[in-house]
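Good morning, and thank you for coming.

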Amino acid sequence: MLKKKIVYLFLIFSITAFAQKVEVDFKNSLKQLKEQDNFSEYIYVHLDEFSKNPSIENLSIFESVQSNLWRASNTKKESTALLYFQVNYAFQLKQFGFINQSILQYEKAYAVYKNNKLASYNIIEFCLKPLANNYTRLGDVDRAEDILKITIDKAQKENNTAQIIAGYSNLAIVYRTKGAYKNAVTYLNLALKLSAKKQIKSRLYSDLAINYLFLKEVNKAEEYSKISNILNIKKEYSIITRNAITLGSSFFQKKKYTKAIVEFNNALKAAIIVFGKNDREVAKIYNNIAEVYKEQQQFKKALSVYQKSLSTLLPKYNPVSQFDNPLATYFYPENTLKEAFDGRATIFIQLNNYENALKNFDLAFKVDDKLRATFLTQNAKLIQQQENRNRSESCIELCYELFQKTTNPNWIEKAFQYAEESKSVILLETKKATFLKSPIKKDSLFVIEENLKLKKAQLNKSIVMEELKGDNASIKLLANYIEQRNEISNKLQLLKQKIQLKYPNLKIQKDSLITFKDIEVKLLVNNASFIEFFDGKNSVYIFSVAKGKPKNLHKIIKDAKFKLLVSEFLSLFSDSRGMALQNNVSKYTTLGFELFKKLFNTKLNKNTIIIPDGLFSFLPFDALITEETTITNFEKLPYLINKSTISYAYSASILLQKNKTDVTNNNSFIGFFPIFEGNHRNLSELNFTLQESKSIKKSIEGDFLLQSKASKDSFHKLAKNYAIIHLSTHATAGDYYTPASIEFYDETLYLPEIYGYNLHADLLVLSACETGVGIVRKGEGAMSLARGFSYAGVRNLLVSLWKVNDKSTEELISVFYKNLKKSGNKSDALHTSKLAYITNKNISSNKKSPYYWASFIYIGDVSFVDTTNFNYTWYFVAGFMLLVGFFLYKKSKFGPNK
């Protein structure tokens with residue numbers, strides 16, 4: 001026995017000694033190559049060393065190359081070596097699940113390829129395709145789509161049929177991820193026409209089957225899965241896996257649950273063989289099996305299978321029971337994780353275990369946070385926000401039910417936090433990033449970033465406008481724009497890493513949740529009420545906060561009657577001339593009062609902050625009717641504006657963030673008044689715009705650019721230097737296809753372009769039509785000009801909700817600036833200008849319809865902030881007079897004569 005132990009120890013010693021010798025030899029070899037300045041061989045030696053034992057631990061070999069390369073590549077040979085290194089590193093990172101880091105290395109490789117013109121390298125196969133797949137996997141489908149369109153264009157120029165087919169196939173996956181299943185089918189059919197090999201056709205039919213499944217064409221999905229299996233002559237396990245999943249899902253849709261389980265288990269066996277037991281594809285199948293058990297109400301089994309899914313994705317997670325939850329410490333950006341938590345939450349709801357349901361939803365949100373941090377485009381984040389919306393509503397409903405059962409007000413606060421966390425998150429992150437960068441914004445890295453973002457925004461606009469031409473669009477021009485956007489995205493991604501390395505503290509940390517106390521202490525000044533809406537799919541939830549009063553959560557079921565009430569009221573303001581409202585005063589007052597009663601079951605204070613949502617973002621709250629009335633005289637109606645001064649915000653979090661943001665530190669004003677005299681550019685002349693400029697001039701000093709001077713180029717060059725920007729012009733909210741836009745004398749400024757601006761204005765007045773409305777994106781709000789300028793850095797806004805009359809606008813805006821000069825309070829200035837309009841004896845009763853004055857709303861700070869040319873002389877004079885008076889009084893009472 002002792003002899004065996006001695007032999008064993010000798011072997012261990014020998015192996016250790018040999019390993020140490022190998023390591024020493026490797027280090028010596030590297031030292032020599034560095035001394036010889038052999039750049040290429042230095043890289044290849046590392047790659048060879050990793051290939052001996054490709055493991056997570058040995059990824060440090062790649063890190064060693066990055067940190068120890070002593071110079072940049074000088075020749076094409078050296079650049080090719082560097083390209084090989086980055087592509088290999090990216091591939092290995094992808095294999096081990098480090099998708100973010102993999103993306104960065106692929107982006108670096110693409111930059112090396114482009115900068116050094118390494119045309120002989122197969123960049124499509126080894127870099128662009130896997131890079132696009134990485135972006136697709138994380139949900140950043142816009143970036144993936146750009147990359148794949150470039151690969152297809154390149155392959156077509158090279159007449160490389162295999163790469164064209166692969167490009168179409170991968171682009172179809174992107175469209176499937178976006179939910180554009182018909183587009184995916186189109187590209188797969190294009191690929192099929194080019195394919196001759198059975199094995200390639202097998203993959204394409206397999207993908208077609210998946211898309212037909214999503215299109216609810218179950219029979220077609222089954223048919224194409226079977227065709228794919230027949231064509232799968234090499235018996236590829238990846239294809240077998242996909243087809244079994246499709247067939248299982250088909251049986252699931254047909255409620256043939258036993259057959260579904262059989263197919264999913266077949267898929268599971270094949271997936272473990274081809275992908276390994278800890279791959280996301282295996283976890284996805286577990287999620288599918290759990291869904292079947294859930295549908296059969298076999299909840300215990302379902303929860304057990306979901307735990308298998310989580311253990312697959314999180315190898316360190318070893319649950320004891322089906323009720324255990326993993327620690328968020330081990331989470332990473334992975335949609336399959338999120339699906340497992342959402343699935344578990346819905347089971348706990350079925351079991352009336354609401355608190356455990358909320359815990360799982362919370363874990364799903366944590367995964368979403370990690371996913372969002374990886375996205376490079378705003379649109380990718382918007383899609384994610386929309387997907388999260390249903391989860392937010394489920395959480396709010398659970399909290400509401402728990403409050404009804406327990407009467408514990410903490411559940412109202414938690415429900416509010418879910419609502420708040422679903423509001424304009426992308427806009428909030430942008431404002432946080434701007435604030436964090438403000439002390440160091442002159443660093444050259446940020447200057448470069450700003451220029452790149454503007455160029456990308458301009459390209460986004462160009463692409464959208466070209467695509468709107470439909471069949472007349474230039475394919476060549478679009479391809480060129482997409483190529484340019486891709487290069488800029490590549491530069492931005494690499495720049496992002498440089499910024500993170502230089503300023504690690506710039507990473508946006510998630511703030512602690514907003515509390516009711518935060519709102520009371522920091523927002524509810526001057527006897528204010530706070531009202532926040534959450535416009536869900538099934539219900540509207542309205543949160544009310546006022547100092548010293550119980551917090552309130554009011555729920556309205558969105559039945560047909562309520563939906564009709566809201567739509568009929570809004571329709572009265574949709575007529576471009578206001579006639580619908582003028583001709584139906586009694587209908588207006590009836591609807592206005594009914595809606596007021598529905599929405600406000602709490603007494604409002606003198607000032608009210610409203611956080612609208614969904615359709616309520618377009619509601620003119622000022623014009624609601626607060627009591628039943630038979631009056632038809634517009635001047636005398638009991639409007640809500642008579643009871644409370646209303647201001648708006650995108651979220652409470654943004655309001656609190658605004659207290660920190662950097663704004664232009666002066667009182668300067670610039671106004672743009674293009675007028676369009678003589679219907680210049682076929683735009684109707686704004687007859688009262690000139691008068692508006694003259695009226696404003698009486699209240700405020702500044703630069704007034706009229707007619708041709710009010711150009712887009714002038715705005716581009718000058719706007720960022722002013723505290724107050726005024727745009728008196730034409731604008732449109734756009735539609736599903738056409739982006740919102742605003743007109744300058746010579747050119748149109750479109751919403752996608754605005755996102756690239758970097759403004760520091762304290763106030764932007766958009767004296768134009770529909771500047772506060774746009775396509776609603778659930779979870780983020782209306783994609784309006786107002787939001788665009790807020791995203792670009794503007795702190796506070798005055799905007800319109802519908803097509804405004806230029807004469808009434810001139811009346812309102814001129815008085816607004818007079819009031820602003822007196823008080824410095826923007827919200828109050830607008831409020832009093834509306835009241836002045838309603839009581840103005842020179843305006844006829846019909847013209848006092850809310851159509852003329854209720855359109856404009858103020859979005860922003862509620863505190864008293866002086867941002868105008870405020871006249872301090874009166875303060876000085878008043879102070880001096882008081883001082884003189886005090887001394888005279890003192891002398892007369894206590895002086896020598898007394």
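I shall speak about aromatic rings and about charges placed over them.

This is a predicted model, in which local features need pLDDT of at least 70, side-chain atom pairs count only at pLDDT 80 or more, and totals for chains, interfaces and linings use all residues. Residues are numbered from 1 along each chain as its sequence is written, and side-chain values use heavy atoms, with hydrogens and water left out.

Rings of Phe, Tyr and Trp (its six-membered ring) pair if their centres lie within 6.5 Å; planes under 30 degrees apart are stacked, over 60 edge-to-face, and the rest tilted. By this rule there are 48 aromatic pairs. One of them, tyrosine 110 with tyrosine 113, is stacked, at 6.4 Å centre to centre and 20° between the planes. Both tyrosines are buried, that is, under 20% relative accessible area with a 1.4 Å probe and protein chains only.

Phenylalanine 416 and phenylalanine 543 make an edge-to-face pair, with 5.7 Å between centres and 70° between planes. Because phenylalanine 416 lies in helix α19 and phenylalanine 543 in strand β2, this pair ties together parts 127 residues apart in sequence. Helices (H or I, at least four residues) and strands (E, at least two) are DSSP runs, numbered from the N terminus.

Which charges sit over rings? The rule requires NZ of Lys or CZ of Arg within 6 Å of the ring centre and within 35 degrees of the ring normal. Arginine 391 lies over the face of phenylalanine 365, 4.6 Å from the ring centre. Lysine 697 has its charged end over the ring of phenylalanine 704, at 5.2 Å from the centre.

How values were computed
Buried < 20%, exposed > 50% of the residue type's maximum accessible area, 1.4 Å probe, protein only.
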